[in-house]
Amino acid sequence: MTSPRSLIRALIAVLLIGAIGYFGYMGWAGSDQLVHPPNPNHDCRTPAVLGWDYEAINYDQATDADLLASQPDPRECSHQGAEPGDEVVSDDGIRIAGWWIPAASSVPRDGPTVVLVHGYGDDKSGMLEDAIFLHDRWNLVLFDLRNSGQSLGEETTQGLNEQRDLEAMLDWVDANLHPTALAVFGQSMGGQTSVNVVAQDPRVDALILESTHDRLASAMVARIHNAGYPFGEVGYLSIVLGTWLRTGVNVLSADPIEAIVAMGSRPVLLIHGGSDVDAPTAGATRMFDAAEAAGVDVNLHLCPGAGHGQTNDVCPDEYGTWMNDFLERALGG
């Protein structure tokens with residue numbers, strides 16, 4: 001007859017094996033999804049689709065017409081066009097493609113400029129939806145981070161190595177445009193990328209963060225729960241470990257809340273959806289509080305009812321007003 005102690009030991013063994021299997025799978029599958037977005041944006045629209053003038057950055061612009069002519073639906077393209085050249089290359093060798101888009105109004109080439117940085121799984125074409133609110137008054141630069149759109153690279157690292165891409169693009173902007181004033185707009189993962197770069201780059205005068213988490217860990221836990229998996233408070237660590245094994249970087253090492261406090265006197269605008277369950281709204285409040293306590297000139301605007309990255313759709317009038325008023329104050333007209 002089996003003793004109670006033996007049954008307990010057997011139960012513990014089964015639970016341990018189950019836990020190892022569950023968290024091992026989470027680490028393997030979750031890190032693969034984090035590094036290789038499973039549903040990347042296939043949008044390959046160019047500014048010309050909106051009737052805007054633009055210049056290609058680091059690739060042959062003449063290839064854009066052929067690309068769009070070959071795609072029945074430019075929002076679902078089979079490929080992203082010509083590979084970038086050697087004019088914009090990150091310090092670890094990733095070639096980056098982008099656009100310079102002059103303002104619709106009479107702004108000189110070296111006038112106030114805003115660099116837009118897309119989020120996880122997105123690309124520069126997807127950021128045209130945000131550029132619409134800025135195009136009238138500001139020169140714009142949109143580009144693809146590594147492993148997105150036209151840019152090269154095979155790994156996404158949640159704003160770690162992506163900082164190298166933004167640094168390379170800011171170097172290009174500085175060398176080729178010489179803007180009188182410069183701001184960076186970062187969305188979600190692009191926000192994490194942006195705040196870490198801008199906090200250390202005095203060439204940038206102002207920063208806008210939209211739908212940006214305060215700590216990646218809290219966003220990861222939220223997304224695990226949203227996907228219906230239990231034990232996210234522990235499971236996210238297995239994903240972090242799996243990502244480190246795949247890429248060699250610790251994705252928790254560059255949290256936005258740690259970087260934003262180093263902005264000093266440069267102004268920061270936070271925009272967040274009031275119903276964002278992927279990057280919980282409480283994180284935006286914590287980031288605001290931390291920045292304000294550090295003496296940063298920071299403002300926070302919430303769009304009630306907006307989910308992750310949806311503030312431009314749910315609060316379009318306020319969205320444009322928030323950004324343009326902020327940029328007018330930060331950069332001048």
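**Pocket, strands and rings**

Analyst: The largest pocket has a volume of about 690 Å³. Keep in mind that this is a predicted model.

User: Which residues are closest to the centre of that pocket?
Analyst: Gly 30, Gln 33, Leu 34, Tyr 120 and Arg 223 are the closest, out of 28 lining residues.

User: And which elements give two or more residues to the lining?
Analyst: Helices α1 and α6 (216-226) do. α1 gives the most, with 7 residues.

User: Which residues of α6 are buried?
Analyst: Leu 216, Ala 217, Ala 219, Met 220, Val 221, Ala 222 and Ile 224.

User: What follows α6?
Analyst: Gly 228 comes after α6, and its phi is positive, near 90°.

User: What about positive phi in a residue other than glycine? Where is Ser 211, for one?
Analyst: Ser 211 has phi near 55°. It sits in the loop between β6 and α6. Ser 211 is buried, at 0% relative accessible area. Asn 147 also has a positive phi, near 60°. Asn 147 lies in the loop between β4 and α4 (162-176). At 23% relative accessibility, Asn 147 is partly exposed.

User: Switching to strands. How many residues of β5 are buried?
Analyst: 6 of the 6 residues of β5 (residues 182-187) are buried, so the strand is largely enclosed by the rest of the structure.

User: Which residues are on which side?
Analyst: Leu 182, Val 184 and Gly 186 are on one side. Ala 183, Phe 185 and Gln 187 are on the other. Both faces are covered.

User: What does β5 pair with, and in which sense?
Analyst: β5 pairs with strand β3 (residues 113-117) in the parallel sense, over 5 bridges. Thr 113 has Leu 182 as its bridge partner in β5. β5 also runs parallel to strand β6 (residues 206-210), joined by 5 bridges. There, Gln 187 has Glu 210 as its partner in β6.

User: How does the chain cross from β5 to β6?
Analyst: Through helix α5 (residues 189-198), in a right-handed β-α-β crossover.

User: Now aromatics. How many pairs does the structure hold?
Analyst: There are 4 aromatic pairs. One of them is Tyr 25 with Trp 28, a tilted pair at 6.3 Å centre to centre, with 45° between the planes.

User: How far apart are Tyr 25 and Trp 28 along the helix?
Analyst: They are 3 residues apart in α1 (residues 4-35), so about one helical turn separates them.

User: What about Phe 133 and Tyr 319?
Analyst: They form an edge-to-face pair, at 5.0 Å centre to centre and 85° between the planes. Phe 133 lies in the loop between α3 (128-131) and β4 (139-143), and Tyr 319 in helix α11 (residues 316-331), so the pair ties together parts that are 186 residues apart in sequence. Tyr 319 is buried, at 0% relative accessibility.

User: Last one. Which residues lie over the faces of Trp 99 and Trp 100?
Analyst: Lys 124 lies over the face of Trp 99, at 4.8 Å from the ring centre. Arg 109 lies over the face of Trp 100, at 4.4 Å from the ring centre.

Technical notes. Residues are numbered from 1 along each chain as its sequence is written. This is a predicted model: local features need pLDDT of at least 70, side-chain atom pairs count only at pLDDT 80 or more; totals for chains, interfaces and linings use all residues. Side-chain values use heavy atoms; hydrogens and water are left out. Rings of Phe, Tyr and Trp (its six-membered ring) pair if their centres lie within 6.5 Å; planes under 30 degrees apart count as stacked, over 60 as edge-to-face and the rest as tilted. Helices (H or I, at least four residues) and strands (E, at least two) are DSSP runs, numbered from the N terminus. Buried means under 20% relative accessible area, exposed over 50%, partly exposed in between (1.4 Å probe, protein chains only). A charge sits over a ring if NZ of Lys or CZ of Arg is within 6 Å of the ring centre and within 35 degrees of the ring normal. Two strands pair if DSSP finds at least two bridges between them. A crossover is right-handed if, with the strands pointing away from the viewer, the path from the first strand over the helix to the second runs clockwise. On a 1 Å grid over the protein atoms alone, a cavity is a set of points where a 1.4 Å probe fits but cannot get out, and a pocket is an open set with protein on both sides within 12 Å along at least five of seven lines; lining residues have an atom within 4 Å of a point. Grid points are joined across faces, edges and corners, and a volume is the space filled by probe spheres set on the points.
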